[in-house]
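I opened this entry to look up a few residues and elements one by one. My notes follow the structure.

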Amino acid sequence: MRRFHKRVLADLPGYGFAKRTSTERKLWEELITSYLEADRNNIDRIILVTDCRHGPSESDLNAMQFFQELDFPVTLVLSKTDKLNQKARSKRNKEIKELLADNKPEKTFWTSSLKGTGIRELSRDRKSTRL
């Protein structure tokens, strides 16, 4: 018998950019929690993508903690690394490590879609994850 596995990548709302009332944010939290809990056995990881020049923001850190409290492993993807020179990237790396000291993701990838940096490694990591 052949088994076919399908991977689904679900994009959650832009919580970091969306200006919402506390009531709306609470409704989003309930909706996201329901979604994650309903299909818990089929979700192997949360991938949180943030611009390396600005994030992780407070809302990114809150989201990461929220997902970890629900016992989902979190992979942090820092995008747009092509926008930083080596010195700036080194500085951001140090700052990000400090920000994540109390709330460390399972894995972190520095990526650039423009230059392809980290994309192969992220893809390889995704392919090795269980379904």
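I found threonine 75 in strand 2, residues 74-79; strands (E, at least two residues) and helices (H or I, at least four) are DSSP runs numbered from the N terminus. The model is predicted, so I note that local features need pLDDT of at least 70, side-chain atom pairs count only at pLDDT 80 or more, and totals for chains, interfaces and linings use all residues. Residues are numbered from 1 along each chain as its sequence is written, and side-chain values use heavy atoms, with hydrogens and water left out.

Is threonine 75 buried or exposed? I read a relative accessible area of 0%, so threonine 75 is buried (under 20%; exposed is over 50%, partly exposed in between, with a 1.4 Å probe and protein chains only).

Next I checked its partners. The side chain of threonine 75 makes a polar contact with the side chain of arginine 45, at 3.0 Å. Such a contact is a pair of N or O atoms within 3.5 Å; within protein, one must be able to donate a hydrogen and the other to accept it, and residues adjacent in sequence count only if both atoms are side-chain atoms. Beyond four places in sequence, threonine 75 is in contact (heavy atoms within 4.5 Å) with Arg45, Ile46, Ile47, Leu48, Lys107 and Phe109.

**Helix 3**

I turned to helix 3, residues 86-99. Its 14 residues reach 20 Å from first C-alpha to last, close to the 20 Å expected at 1.5 Å a residue; the expected span is 1.5 Å times one less than the number of residues. Asparagine 85 caps the N-terminal end of helix 3. A side-chain oxygen of asparagine 85 lies 3.1 Å from the backbone nitrogen of lysine 87.

**Phenylalanine 67**

Which residues does phenylalanine 67 touch? I listed Leu12, Ile32, Leu36, Ile46, Phe72 and Val74, not counting residues up to four places away in sequence.
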